[in-house]
Amino acid sequence: MLYALVLLPLVGALCAWIVPDNRLRPITLPAVATVHLALTALLLVNTPPPSPGGWIWLDPLGKVVLLCISLLFTVCAFYAVGYLSYRQERSNRVLCMGLLVCLSAMGLVTMTQHLGLLWVALETTTVSMAPLIYFNRNARSIEATWKYLLLCSVGIGLALLGLLFLAYSTYVAHRDATLLLGPLMLSARELNPGWLHAAAIFLLVGYGSKMGLAPLHAWKPDAYGEAPGLVGALLAGGLVNCAFLSILRVYQICLASGSELAFFQDALVGMGLISMAFAAVFMAHQADFKRMLAYSSVEHVGILAIGLGLGKGALYGALFHLLNNGLTKGVLFLSSGNIHRSYGNKTTDVVKGALTRLPWSGGLFLAGFIAITGSPPFSPFISEYTIVSSAFIEGRHPVGWLFLLFLVIVFIGMALTVLPMVMGAPPADLEPSAYEDRLLTVGPPLFMMAIILWLGIWPPAFLVSLLTEGAAMLGVQP
Amino acid sequence: MSSFADQLLVLVMLINLIMLGTSRLMFSIRAVAVQGVILGVLPGLIHPFSGHLAGITAGIILAKGVAIPYFIGGAVRKAQIRREVEPFVGYVPTLLLGAIFTALAFVFAERLPLAPEHKDLLFVPASIATLLCGFLILTTRRKAISQVIGYLVMENGIFVFGLLLTEAMPVMVEAGALLDLLVGIFVMGIVINHISREFSSIDTSRLRALKEE
């Protein structure tokens, strides 16, 4: 059944390739996504044991990421049908195929226990997303695609070198090189510390640049700014989480080695704080609201890194935040895509009074903003609160205070862009647009917003136990 | 056989320097193809023969020696660009830097805790030197194609290190990595075509619309 999760989207991609009609083709997306979500739900309840070689196993960490990806993709798939009906001027074949291939690769990322295979799947997500950023076919989007492709490829290349170092450290230790997570963790204490240290650095830099941690985030504002909203949602909620899962795997090995953990945690906290600081600085006076969302994503990968770096109680918060950030970013990107469609512009010079012009999309964008900045009653509040309170409990006061300071600055910076956008009256000279809020473009993000609210008020028991299991995998030395 | 392997690795490092010194793009592409073929031959020289090894050799030569040069060569022909003009840093300074990096790679490799049977081989210094030269090409050249070549040289450097572990890496992972590289270069080639159509040039310094005001 796990293999079906990888194969099904590939079959879907093949169908999308065959279907000749531009209007019918996007329907493959929700069709595949619904089955994918159903399979995911089955697998979460009824998890198969590890495969004989130990390559494939859906562990609790993988489950959290898979749940987030599957849910987000399903929502985006339904949205895509609505969105693409406004974009009939160009073929959506590459878009549909790219999305499905990427879904397949993301599924593989969540379930593999072999770090080499994980790398291959992650690189596949990078390459399959590149043509989608270029969907709009203009000079700006080609520039964004080029930066994304080159920087991410180089980053992932460095991660490959890190993996080779890791394999070499096992080779030096016992002449039997392996990249399987289980054996690696069992023998982690005997690994050559020099090579392990080098491996940890290269893997952090490589996967960190894919995740968009500052100062390796240069591609992010451009790619998120120029990609269609729904691609942005999957970049910010899907690819980021896959890269974070890869960092979690490295963290597991550092944890098992004992000696390497302190360094890795400090590096994560450092990069996390730098990311939040970068986001706080660049968020202010950001006229382009999609770029603003990209900086918000930089901020939130920083929060994830800090949560992981702090360890202990913050681990639960980090895993929960992974889910919350992914879903909330989905709401923000999808509704911003609607606003962009309606105004034909994505700067705050033109976009004003979205609540009047597009009550649903404007309202969702505002609600998403309130949620992502960590205001109750939405779920990001709970995860951020868990992380920051754990910082203070562990006596990491400077980290806790800086975290709060950056959150406040980001809130103000983001509010200065978002509030003028949604409030007030739309510009009088604005031409009416073909876009209007309809069920398929508003329903999916609204559904996701409801989930965020639900998770914030009453997190279901199965999710809490899943997150606790995941945090235990990261918190206890085997 | 390992002395022959060392000679080939010296050749790999020489090719790095040649690429740093030349402005002709087709020449660079051929040089990177030769490097790829050498990379394909090397595992056969240091590991005993097996079906797995033959597969890897064939895969690397086909991907790095034939397919990738073909993709990039196609992009060069379509964009009708022959030379790299005005790199951000001149040829002589980058060549000197490349030589310095190569020397430093040897010094650095001496200090690494290598397995005893790898101590006398040139794999590690050649790998680091190639990686650094690739970075140098990637960061100092203007043309999109030169940047792709730099990326390829960097990947070659990583592969040289991987050759030490050829027997340990499962075929599926190696094949996947090669396939990803291949598709990645293919997509980059397409993007280059679009850049040249959009800007009438593949000069990446023209890609500067996206920045913070």
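Student: What makes a feature fit to be discussed here, and how are the parts labelled?

Tutor: This is a predicted model, in which local features need pLDDT of at least 70 and side-chain atom pairs count only at pLDDT 80 or more, while totals for chains, interfaces and linings use all residues. Residues are numbered from 1 along each chain as its sequence is written, with chains lettered from A and ligands numbered from 1 in the order in which they are written.

Student: How many helices and strands does chain A have, and what counts as one?

Tutor: Helices are DSSP runs of H or I with at least four residues, strands are runs of E with at least two, and both are numbered from the N terminus. By that definition chain A has 19 helices and zero strands.

Student: Why is chain A called as compact as a globular protein of its length?

Tutor: The radius of gyration is taken over C-alpha atoms, and the globule rule is 2.2 Å times the number of residues to the power 0.38. For 478 residues the rule gives 23 Å; chain A has 21 Å, which is close, so chain A is as compact as a globular protein of that length. Along the principal axes, the C-alpha atoms of chain A fill a box of roughly 70 × 55 × 45 Å.

Student: How do you know what chain B does by the rule for a compact globule?

Tutor: A compact globule of 213 residues would have a radius of gyration near 17 Å, and the 18 Å of chain B agrees with that. The C-alpha trace of chain B spans about 55 × 35 × 35 Å along its principal axes. Chain B has seven helices and zero strands, so its elements read α-α-α-α-α-α-α from the N terminus on.

Student: Which residues of chain B does UniProt annotate as "transmembrane region"?

Tutor: The unreviewed entry gives residues 52-76, 88-109, 121-139, 148-165 and 171-192 of chain B. UniProt positions are given in the numbering used here, feature names are shortened, and annotations may be inferred rather than shown by experiment. In the model, residues 88-109 of chain B are 86% helix and 0% strand, with their end C-alpha atoms 30 Å apart. Residues 121-139 of chain B are 89% helix and 0% strand, with 29 Å between the end C-alpha atoms.

Student: Why are α3(B) and α6(B) called roughly antiparallel?

Tutor: Axes are lines fitted to C-alpha atoms, for helices over the stretch in contact, and angles run from 0 to 180 degrees between N-to-C directions. Angles under 35 degrees count as roughly parallel, over 145 as roughly antiparallel, 65 to 115 as roughly perpendicular and the rest as oblique. The axes of α3 (residues 51-79) and α6 (residues 144-163) of chain B come within 11 Å and cross at roughly 170°, and the pair is therefore roughly antiparallel. Their crossing is left-handed, meaning that the near helix is turned anticlockwise from the far one by less than a right angle (clockwise would be right-handed).

Student: What makes the contact of α3(B) with α6(B) nonpolar, polar or charged?

Tutor: Two residues are in contact if their C-beta atoms, placed from the backbone, lie within 7 Å. B:Ile68, B:Ile72, B:Ala75 and B:Val76 in α3(B) meet B:Ile145, B:Val148 and B:Leu152 in α6(B). Ala, Val, Leu, Ile, Met, Phe, Trp, Tyr, Cys and Pro count as nonpolar, Asp, Glu, Lys and Arg as charged, and the others, Gly among them, as polar. The contact thus has seven nonpolar, no polar and no charged residues.

Student: Why is α16(A) called oblique to α18(A)?

Tutor: The axes of α16 (residues 379-393) and α18 (residues 439-457) of chain A come within 6 Å and cross at roughly 45°. That angle makes α16(A) oblique to α18(A). A:Ser379, A:Phe381 and A:Ile382 in α16(A) meet A:Ile452, A:Leu455 and A:Gly456 in α18(A); these divide into four nonpolar, two polar and no charged.

Student: Which elements of chain A supply the side that touches chain B?

Tutor: The contact takes 35 residues from chain A and 33 residues from chain B. On the chain A side, α5 (115-133), α6 (139-174), α8 (193-211) and α9 (220-226) each supply at least two residues. α6(A) gives the most, with 19 residues. By class, this side of chain A has 22 nonpolar, nine polar and four charged residues.
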